[in-house]
Amino acid sequence: MDNDKMNFLTRTEMLLGSEAVEILRNSRVAVFGIGGVGGYTAEALVRSGIGEIDIIDSDTISVTNINRQIFATYETIGEYKTDVAKKHLEAISPYIKVNAHRIFYIPETAAQFNFSDYDYIVDAIDTVTGKIELVMNAAKSDTPIISSMGAGNKIDPTAFEVSDIYRTSVCPLARVMRQELKKRGIKKLKVVYSKEKPSVPEADRTVEYGKKRIPGSVAFVPSVAGLIIAGEVIKDIIKLKKL
């Protein structure tokens, strides 16, 4: 194949087709949380040809992020994740538009976003209150959303499944989300979750930050969850926009 006639999506187009590539190029996705899961989701979305992406995160990169977060290196310690991610993602695609929001998403900051602007929402944040707010606002605007459940304290990347929240089991975070969403009348929610029972770190290996106990993590678990999410978003957008 003549390299002059190729672009970075040539092989994607071979598999998905030119119509799908054009659909993705004209789509906008918001990724809330760009840590271990969301970072890989954002990476895969841009490499798959999404034309516009919003990345939302308030954290800076720390040394403990390096073991699992795609934007974390020793050179980026102390920088805001959104700043590092924006620069990185813009270097991948010649036409990507990256909207970086240095915001901690909670009910008090939710009004800063209009979900009708997005073709898809990715929930990759950690707090239950924030996750519920994302789901509720997505439902109000009728915007598709997919949520990541717990990936901490797990070591089996093959245990992840795509399911509805009400069909999940084992995952403690999914259990809490089921209960809270049922109270609010949410009938369904697409999630990626693991059926692996979380490990309980030994006391002498448990890290505490302030009053919060930090879960253990490895590079090959949250990344897989993030890539699965990206795949679901890409496939859903193509299908929805072709209807």
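**Figure 1. Salt bridges across the model.** The structure holds 15 salt bridges, each one a side-chain nitrogen of Lys or Arg within 4 Å of a carboxyl oxygen of Asp or Glu. This is a predicted model, where local features need pLDDT of at least 70, side-chain atom pairs count only at pLDDT 80 or more, and totals for chains, interfaces and linings use all residues. Residues are numbered from 1 along each chain as its sequence is written, and side-chain values use heavy atoms, with hydrogens and water left out. To start the tour, look for R28, E52, D54 and K97, which are linked in a network of salt bridges.

Figure 2. Helices (H or I, at least four residues) and strands (E, at least two) are DSSP runs, numbered from the N terminus. D236 lies in helix α7, so its pairing with K190 in strand β7 ties together parts that are 46 residues apart in sequence. E232 counts as buried at 12% relative accessibility, and D236 is buried at 12% as well, while K190 is partly exposed at 24%. Here buried means under 20% relative accessible area, exposed over 50%, and partly exposed in between (1.4 Å probe, protein chains only).

**Figure 3. A pair within helix α4.** E90 and K86 meet through their side chains in a salt bridge (2.8 Å, N to O). Both lie in helix α4, four residues apart, about one turn of the helix. E90 is partly exposed, with a relative accessible area of 37%, and K86 is partly exposed at 28%.

**Figure 4. R68, buried without a salt bridge.** Find R68 in the loop between β2 (52-56) and α4 (81-90). The nearest side chain of opposite charge, D126, is 7.0 Å away; Lys and Arg count as positive and Asp and Glu as negative, while His and the chain ends are not counted. The side chain of R68 does make a polar contact with the side chain of N67, at 3.0 Å. A polar contact is a pair of N or O atoms within 3.5 Å; within protein, one must be able to donate a hydrogen and the other to accept it, and residues adjacent in sequence count only if both atoms are side-chain atoms.

**Figure 5. Positive phi at N153 and V170.** N153 is not a glycine, yet has a positive phi of about 60°. This residue lies in the loop between β5 (145-148) and β6 and counts as buried at 19% relative accessibility. V170, also a residue other than glycine, has a positive phi near 75°. Look for V170 in the loop between β6 and α6 (172-183); at 41% relative accessibility, V170 counts as partly exposed.

**Figure 6. I228 and V37.** I228 lies in helix α7 and is partly exposed, at 25% relative accessibility. The C-alpha atoms of I228 and V37 are separated by 9.6 Å, although the two residues are 191 residues apart along the chain.
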